[in-house]
Amino acid sequence: MIKSELVQRIAAQNPHLYQRDVENIVNAILNEITGAMSQGDRVELRGFGAFSVKHRPARTGRNPRTGAHVSVEQKSVPFFKTGKEMRERLNKLDGHAAPDAGDDDSDD
Amino acid sequence: MSGKTVTRADLCEAVYQKVGLSRTESASLVELVLKEITDCLERGETVKLSSFGSFVVRKKGQRIGRNPKTGKEVPISPRRVMVFKPSAILKQRINGHNVADEVERA
């Protein structure tokens, strides 16, 4: 499913809204998440998952082709951790065993 | 890390500010967006959201893990996991670069 399909599905369930409004809604959500992460904030959506930002320090890398040293600047990368309910739902169908209770990391 | 955590309430507020709908309706639309994405993933489908990233479902086979506390080997059952692949634009934004589609946010 791509963004435009998502918009169509939502519009189909909300006939009183213009497709353009639905597009704005989807974009507002994604922009809010992006904006929060760009400030280093975390976005936690219970049952879905949590977006956070991880910082990678500067390091010296190698060009794999030439073997030359190159310095890689520090950077931040977006990170997503699947929520508990989502993890469970992914494993409900088609005979996949549910994740065992023991693996637990925090949870959301 | 700055301490703030954004939640559903903030997403609803963003939708409320952007589109002329009631708070209640904004909230149910945020819920619907998440539900549609979740349903899709549950069916094993990939969800691609341009300029944001994509959510992909991966199947993992059975493997042997170890209980880190006791050191005992335990089989880990096959399962499906979801991974998020951030788009290049998202990565750039997080690193403070202004991106052409910055306009979109306005």
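User: Before we start, which runs count as helices and strands here?

Analyst: Helices are DSSP runs of H or I with at least four residues, and strands are runs of E with at least two, numbered from the N terminus. This is a predicted model, where local features need pLDDT of at least 70, side-chain atom pairs count only at pLDDT 80 or more, and totals for chains, interfaces and linings use all residues. Residues are numbered from 1 along each chain as written, chains are lettered from A and ligands numbered from 1 in the order written, and side-chain values use heavy atoms, with hydrogens and water left out.

User: In what order do the elements of chain A run?

Analyst: Chain A has 3 helices and 5 strands. Starting from the N terminus, they go α-α-β-β-β-β-β-α.

User: What share of chain A is buried?

Analyst: A residue is buried under 20% relative accessible area, exposed over 50% and partly exposed in between (1.4 Å probe, protein chains only). Chain A has 108 residues, and the buried ones make up 45%.

User: Where does Phe52(B) sit, and is Phe52(B) buried or exposed?

Analyst: Phe52(B) lies in the loop between strand E2 (47-49) and strand E3 (53-60) of chain B.

User: Which residues does Phe52(B) touch?

Analyst: A contact means heavy atoms within 4.5 Å, and residues up to four places away in sequence are not counted for this list. From chain B, Phe52(B) meets Phe84(B), Pro86(B), Ser87(B) and Leu90(B). From chain A, the partners are Leu30(A), Ile33(A), Thr34(A) and Phe51(A).

User: How much area is buried between chain A and chain B?

Analyst: The contact takes 55 residues from chain A and 54 residues from chain B. Buried area is the accessible area (1.4 Å probe) that two parts lose on being put together, summed over both. Carbon and sulfur atoms give 63% of the total, which is about 5100 Å².

User: Which side chains meet in a salt bridge with an N to O distance of 3.0 Å?

Analyst: A salt bridge puts a side-chain nitrogen of Lys or Arg within 4 Å of a carboxyl oxygen of Asp or Glu. The rule finds 2 salt bridges across the interface of chain A and chain B. The pair at 3.0 Å is Arg89(A) and Asp39(B).

User: Which element gives the most to the side of chain A that touches chain B?

Analyst: Several elements each supply at least two residues to that side, including helix H1 (3-13), strand E2 (49-56) and helix H3 (84-90) of chain A. The top contributor, with 16 residues, is H2(A).
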